[in-house]
Amino acid sequence: MAPRPEPPEGLAEHDAVRRRRGIDMVEEERSLLGLDVVEIYDVKHDAHLDDHKDVLGADGRRSAWIVMILGAFQLFACYYASDVPSALHDQLEASFANGSSHALSFNTFFGLIYSVYSVPNIIIPLGGGMLVDRFGPAWMSLIFSSTLMAGQILVWIGVFARIENLVLLGRFVYGSGAESLCVSVSACLASWFHGSPHLALAMGISLSISRFGSVTTNVLSPMVARRAGVHMSFLVSIAVIGLCLPSAAYVLRLERRREELQASRAAAAAAASAGADAGAGTSPGTSTRPQLTIAHTWHSLRRWPASYWLLLVSCMAIYGTIMPFNNVASAFLIERICGGECCADGQISCAAHVSAESRASVLMGVPFAISAVGVPCLAFVVDRIGHRASFILCAAVTILFVHLLLALTALNAVVPLVLQGIGYTIFCTTLWPSITLVAPGDVGTAMGVVTAAQNLALAIVPLGVAGIHASSGTFRTAEYLFISLASVGIVSGTLLNIYDARVAHGLLNQARGSRAEPTLDKEDVAYCFGRKTESRDMLRQAKGRTPVQRCTMAETKGPEDAQSAGGRKDPRDEARAYLKKHNILGLFNELGSAVVFERPENVHEFLAAKLQDLAAKRKDGAQSSIFTDQDLETLFEMYDTGKSGTLGKDAFLSAVSALGTTPDKRKAPEGPLSKAEFVAYCKHELLIAGKDPCM
Ligand SMILES: C[C@H](NC(=O)[C@@H](N)CCCCN)C(=O)O
């Protein structure tokens, strides 16, 4: 990197450092002051995302897709190995029947294989998610993959030696890593695709590939078991998991590289704005990850919006109908196909039962087959049109319809199962990316809490189904439980839409991708007016001009023109306008800087006093210390060492950097810049950096 020219003497370095630090503290201050404005977070956060894009560029985008493929492969291995026992039910039964001692009946043992996986996962993903936020998803994926490996080795030895307890211990260890691995891979994708218009697509493709893991094990494991013995199927699954480790290690390498690039860029920005004092700023490798403390987690839980909790309820209700239904679908479908008992004497070997069984197994594959193909396709659409909350409601309605059909009609089961596939596809495509949108700060913990809740539902609902079946003697009665759960999903989905529209400004229902990569035309012009304008005239005139020219043009036209130009109101622009109008970031900047320098014992008291002080200053007509036009003009004069009235590119970039911003060299104007152009450009840069100038 080329060394930056030293800022001229007399420049307010101290102030620049203060401002930089203050801005970095906005989020902390926000919670300190008890403010919780999603949009403030978004505006600040998106500026930060722009940094990511700039640092990594096309290379970063390619890396993100590599991370997606590697993460999907880890999930593939996880789903593959998780489902080996169910694919080998009959072979395992035969194998353990030949064993020497059996403390448990095979069915109890087989049920426990799944219980020891699920029950601990009511708790484990909570800790797993926190660890992901603390140590990063890439590191934790490596650790969770190793846990899978250790667990599956124990299972394999247990199967080989026919030791039931060892198999169960292995499944417990395996389960401890499996759900948390799903959390860490999701968090990893959320981090690499945050702000990208392809988040749902990335998550959808990885889910589809992981589902393919279940399909592969269903086909491959029985084949391997028939040829080489049942334990060999487990050995193959160990080999598949083994490939997770290098893939997780490579993701870690990419993650490190990304962090280094970000840190060096932050250090360069700090050096430019602080000169010799740069050492006091962000140093490469500085971790900004949250503390692994109960207090921090509690703080996160309280900070998540109501939409997060509505998503959690939807997850429990809808996954509670999908997975437990799938567990009993075979028996339920056989019962439905035969119209009750297939064989007169309650046996299961008559021709009618065997035929119903094979039809049921084909039907059972329908929902997951639909989802394997449908999820990436729908994800592509969701990334474009948004409507996540609407889709979540739509999925709940579809699932309700499925169970009404199954409970109340004798319709061919293909129709409800196709609908079940559609409902599941819609739900899983939209649910998981939505969680990352409503809780962007601590995705690992947020995913972990939802996954734990999901496992709670998956542990309880089958017990309810079994209880209903035991008391009524038929699975059809259990349909009413699924109908109730789908109804809960509809209520939470409806509330989610209301909250999203009324409180969250359409965070879930809007197409985020288009917003994450704003067109320069609109953003530049909108910035210069201080509010959004969709005036075609303005945009047409702005086309082909540099950002400086656009700003200058906007300056001369004035905000009134923009207002009269009309146009649809965007909640983000309203938020920006609000932030700007009340100079919120400037206020936080002041407070944050003051706290950092004075380090008061009682922060609350200090802040209260500081606010009173600021209010008093304002009453006296004094200006806030945020950059005024006058400041910017002075800055220009400092860098215009030859007093030519213009700045060349290098001097210009240094001057803009001295504001604590990191200008994009590619977009910076080449030619000499007049004072007016410089002031306009600085204002533009300050907005991008989240530091609204005081105008
Ligand atoms: C995407 C979603 N994932 C989950 O439900 C996770 N809890 C992992 C499940 C692992 C299955 N062996 C899904 O699969 O729909």
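Student: At what relative accessibility does arginine 303 count as partly exposed?
Tutor: This is a predicted model, where local features need pLDDT of at least 70 and side-chain atom pairs count only at pLDDT 80 or more, while totals for chains, interfaces and linings use all residues. Residues are numbered from 1 along each chain as its sequence is written, and side-chain values use heavy atoms, with hydrogens and water left out. Buried means under 20% relative accessible area, exposed over 50% and partly exposed in between (1.4 Å probe, protein chains only). Arginine 303 falls in the partly exposed class, at 25%.

Student: Which residue does arginine 303 meet in a salt bridge?
Tutor: A salt bridge here is a side-chain nitrogen of Lys or Arg within 4 Å of a carboxyl oxygen of Asp or Glu. For arginine 303 and aspartate 442 the N to O distance is 3.4 Å. Arginine 303 sits in helix α13 (residues 294-303) and its partner in the loop between α17 (414-438) and α18 (443-472), so the pair ties together parts 139 residues apart in sequence; helices are DSSP runs (H or I, at least four residues) numbered from the N terminus.

Student: Nice! Which helix holds both arginine 258 and glutamate 255?
Tutor: These two form a salt bridge with closest N and O atoms 2.9 Å apart. Both residues are buried. They are three residues apart, about one turn of their helix, which spans residues 244-274. That helix is α12.

Student: How far apart in sequence are the parts tied together by glutamate 637 and lysine 675?
Tutor: Glutamate 637 is partly exposed at 37%, and lysine 675 is partly exposed at 29%. Their salt bridge brings the closest N and O atoms to 2.6 Å. Glutamate 637 belongs to α28 (residues 629-639) and lysine 675 to α30 (residues 675-688), so the parts they tie together are separated in sequence by 38 residues.

Student: Over to the ligand: what share of its area does the protein bury?
Tutor: The residues around the ligand (a heavy atom within 4 Å) include Glu179, Arg211 and Trp432. An oxygen atom of the ligand is 2.6 Å from a side-chain N or O atom of tyrosine 79, and a ligand nitrogen is 2.7 Å from a side-chain N or O atom of glutamine 454. Taken alone, the ligand exposes 400 Å² (Shrake-Rupley method, 1.4 Å probe), and the share buried by the protein is 86%.

Student: What arc do the buried residues of α5 cover around the axis?
Tutor: Leu92, Ser95 and Phe96 are buried in α5 (residues 89-97). They lie on the same side of α5, because their arc, taken from the directions from the helix axis to the C-beta atoms, is only 90°.

Student: Which exposed residues sit on the face of α5 turned away from its buried side?
Tutor: The buried residues of α5 pack against α4 (84-87), α6 (106-118), α8 (137-161), α9 (164-193) and α11 (230-242), where contact means heavy atoms within 4.5 Å. The face turned away carries Asp90 and Ala97.

Terms used: Helix = DSSP H or I, 4+ residues; strand = E, 2+ residues; numbered from the N terminus. Polar contact = N/O pair within 3.5 Å; in protein donor to acceptor, adjacent residues only side chain to side chain.
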